[in-house]
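Good morning, and thank you for the time on today's agenda.

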Amino acid sequence: MADLTTHIGALQLKNPVMTASGTFGYGTEFADLVDLSQIGGIVVKGTTLHHREGNPYPRMAETASGMLNAVGLQNKGVDYFVEHIYPTICDYDTQMIVNVSGSSVEDYAATAEKIAALDKINAIEVNISCPNVKQGGMGFGTSPKMAEQVINAVRRAYHKALIVKLSPNVTDITEIARAVEAAGADSVSLINTLLGMAIDVRTRKPVLSTVTGGLSGPCIKPVALRCVWQVAKAVKVPVIGMGGIASATDAIEFLLAGASAIQIGMANFIDPTVSVKVKQGIDDYLDQNGFQSIQQIIGKLEV
Ligand SMILES: Cc1cc2nc3c(=O)[nH]c(=O)nc-3n(C[C@H](O)[C@H](O)[C@H](O)COP(=O)(O)O)c2cc1C
């Protein structure tokens, strides 16, 4: 067995496979089906300062090789998380990472500060890339100046590992990556969903209540891989790659492109055990190719 340990700033992961925010609940929902201790990290649902209802239904639509969602960060707010959810997940034998979102710079910082007080949470992932909210969300992640402002404020409030989740809905993703690195991010994760839409020709109406939504799944993998490759060359902090990963081969492509860890999103809906299979598949690949450590393949794409 090769050494699968990888580091995201000060955060140590026992293996590079994580589950992506919004696709694996709080882990609890999957605990009967999946051995959570086999997963490197679980990024929990998007958490905001205040309770959010999310967007009206319909807010999901199937597409060719993927899906559109417009959930809109439905959650009960950070105080509820601290009081009711944290106690139930804090002893899971994996890194539990909280995905933080907000409508203003102050919201992000206040939420991060409340999470900072939780002993057993060693990292947050700051979502400046949600395409499904009216205020904030992707607005912060598509302007280098706004991204820098948010991350400056969060950095002051949060001293553990700070991951920033980037949007692909920009002309140059490396510009945003560099801005958040300069503001103190310990890592960047990418990509969040691509802005898309679907139309029902029978009703001649959009399928989603919000008209547009976020596209995820295998159809976005080539875009995600390109973004990870570009960003890994542009910043010094570790990169976490995601977008359409459904197999060990997909994951290894992201590692070769420069990702130090990967996340699995939509594929959890098809096979809840996919993350454990991907981890095993990476291990087999390393053994079969004579590598002793995952570090020997990270960023080793030969161009
Ligand atoms: C139903 C759903 C909900 C999501 N919720 C969040 C969220 O709360 N915060 C976030 O940063 N990303 C969220 N995402 C984006 C995923 O974490 C991931 O970035 C994206 O789906 C691409 O990965 P995939 O193709 O493996 O699904 C969500 C995605 C889906 C499909």
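Predicted model: local features only at pLDDT ≥ 70, side-chain atom pairs only at ≥ 80, totals over all residues.

I begin with helix α1, residues 78–89, and helix α2, residues 105–116. Their axes are 10 Å apart, and the two helices pack at an angle of about 15 degrees. That angle makes α1 roughly parallel to α2, since angles under 35 degrees count as roughly parallel. The crossing of these two helices is right-handed. On the α1 side, the residues involved are Val-78, Asp-79, Phe-81 and Val-82, and they meet Thr-111, Lys-114 and Ile-115 of α2. Sorted by class, this contact of α1 with α2 comprises four nonpolar residues, one polar residue and two charged residues.

Helix α2 also packs with helix α4, residues 144–157. Here the axes come within 8 Å and cross at roughly 25 degrees. Consequently, α2 is roughly parallel to α4. The crossing of α2 and α4 is right-handed. From α2, the contact draws on Val-105, Tyr-108, Ala-109, Ala-112, Glu-113 and Ala-116, while α4 supplies Gln-149, Val-150, Ala-153, Val-154 and Ala-157. By class, the contact of α2 with α4 has nine nonpolar residues, one polar and one charged.

An α-helix has 3.6 residues a turn, so residues three or four places apart point the same way.

I turn now to charged pairs. How many salt bridges does a search of the whole structure find? The search finds eight, and I shall describe some of them.

In one of them, the side chains of Lys-120 and Asp-91 meet at 2.7 Å, N to O. Lys-120 sits in the loop between α2 and β8, and Asp-91 in the loop between α1 and β7, so this pair ties together parts that are 29 residues apart in sequence. Lys-120 is partly exposed, at 42% relative accessible area, whereas Asp-91 is exposed, at 59%.

Another salt bridge joins Arg-155 and Asp-186, whose closest N and O atoms are 3.0 Å apart. This pair also links distant parts of the chain: Arg-155 belongs to helix α4, Asp-186 lies in the loop between α5 and β10, and the two are 31 residues apart. Is Arg-155 buried or exposed? With a relative accessibility of 19%, Arg-155 counts as buried, because buried means under 20%.

Lys-277 is exposed, with a relative accessible area of 52%, and Asp-271 is partly exposed at 22%.

Asp-250 brings us to helix α7, residues 248–257. This helix is mostly covered, with seven of its ten residues buried. The buried residues are Ala-248, Asp-250, Ala-251, Ile-252, Phe-254, Leu-255 and Ala-257. What do they pack against? Their partners are α6, β15, β16 and α9. Just after α7 comes Gly-258, which takes a positive phi of about 125 degrees.

Finally, two single residues. Asp-3 is found in the segment before β1, and it is partly exposed, with 39% relative accessible area. Although Asp-3 and Gln-296 are 293 residues apart along the chain, their C-alpha atoms are separated by 10 Å. Setting aside residues up to four places away in sequence, Asp-3 touches Gln-292, Ser-293 and Ile-294.

The other residue is Leu-166, in the loop between β9 and α5. At 1% relative accessibility, Leu-166 counts as buried. Its C-alpha atom is separated by 7.2 Å from that of Asn-127, a residue 39 places away along the chain. Beyond its neighbours within four places in sequence, Leu-166 is in contact with a list of residues including Ile-128, Ser-129, Ile-173, Ile-176, Val-188 and Leu-190.

That concludes my presentation, and I thank you for your attention.

Key
Residues numbered from 1 in each chain as written. Heavy atoms only, no water. Axes fitted to C-alpha atoms, helices over the stretch in contact; angles between N-to-C directions. Helix = DSSP H or I, 4+ residues; strand = E, 2+ residues; numbered from the N terminus. Parallel < 35°, antiparallel > 145°, perpendicular 65-115°, else oblique. Left-handed = near helix turned anticlockwise from the far one by under 90°. Contact = heavy atoms within 4.5 Å. Nonpolar A, V, L, I, M, F, W, Y, C, P; charged D, E, K, R; others polar. Salt bridge = Lys/Arg side-chain N within 4 Å of Asp/Glu carboxyl O. Buried < 20%, exposed > 50% of the residue type's maximum accessible area, 1.4 Å probe, protein only.
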